[in-house]
Amino acid sequence: MFVEMFPAENGDAFLIRLDNNMNMLIDMGYRTTYQNYIKKRLIEIKDDNQCIDLLIITHIDEDHIEGAIDFIQENGKADDPNIIEVKEVWHNSYRHLQFEKEKKEKLTDFEARKLKGIILSNSCSSRETNQEKQISARQGSSLAGVLYGNGYSVNRWNLSFNSKAVSIDNSSVIEKDDLNFFCYPRTTIN
């Protein structure tokens, strides 16, 4: 296994390459991280006749997602990519937060507070201007729009979770080639 960490300032961007030629990209940092580092590596991987088997966007803060938005826009259509094929993307968007009507009646107080917090927390400081600006939820929706527009929604978006949210509720073990992902409930320390 080879893990490469790209300079993402205060964000994250990792490329994990396995002996079986499986390539996973976890977060893509800011736009500059993608443009200055990741894009070059993706072209090298494509030149080796490989692809990105899994792109994971862990959450929607700009220092994790901004580079992914640029990449998916520039990469173009999922079935005819400009840079490199991406077989699957894990990214939860508004469409994945939809739930069946019967579930709505079963929301716990904790779930209701969490959902309200997600809805209300759509701004934080920008690193470039040091001023308040809208980010996060808007960028998560932007990535979702670009994924949808480029044809990822049909057979590449959260496929391992039956196109539902990446969540322990939808699958606790994901098998990808020779690799297993085990999902554990998040624990808190009081």
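This is a predicted model: local features need pLDDT of at least 70, side-chain atom pairs count only at pLDDT 80 or more; totals for chains, interfaces and linings use all residues.
**Surface start.** Select V3, which lies in strand β1, spanning residues 2–5. V3 is partly exposed because its relative accessible area is 46%, between the limits of 20% and 50%.

**The largest core.** In soluble globular proteins, nonpolar side chains tend to be buried together. Select L25, M28, L42, I52, L55 and F71. These residues touch the most other members of the largest nonpolar core, which has 29 residues. Next, colour helices α1 (31–47), α2 (62–75) and α6, each of which supplies at least two residues of this core. The helix that gives the most is α2, with five residues.

**Around F71.** Stay on F71 and show what surrounds it. Which residues is F71 in contact with, leaving aside its neighbours within four places in sequence? They are M28, Y34, L42, L55, I83, I84 and V86.

**Last stop.** Go to G149, in helix α6, which covers residues 137–149. Is G149 buried or partly exposed? G149 is partly exposed, since its relative accessible area is 41%. Finally, select I72 as well and draw a line between the two C-alpha atoms. G149 and I72 are 77 residues apart along the chain, and their C-alpha atoms are separated by 9.9 Å.

Conventions: Residues are numbered from 1 along each chain as its sequence is written. Side-chain values use heavy atoms; hydrogens and water are left out. Helices (H or I, at least four residues) and strands (E, at least two) are DSSP runs, numbered from the N terminus. Buried means under 20% relative accessible area, exposed over 50%, partly exposed in between (1.4 Å probe, protein chains only). A nonpolar core is a set of buried Ala, Val, Leu, Ile, Met, Phe, Trp, Tyr and Cys residues joined through side-chain atoms within 4.5 Å. Contact means heavy atoms within 4.5 Å.
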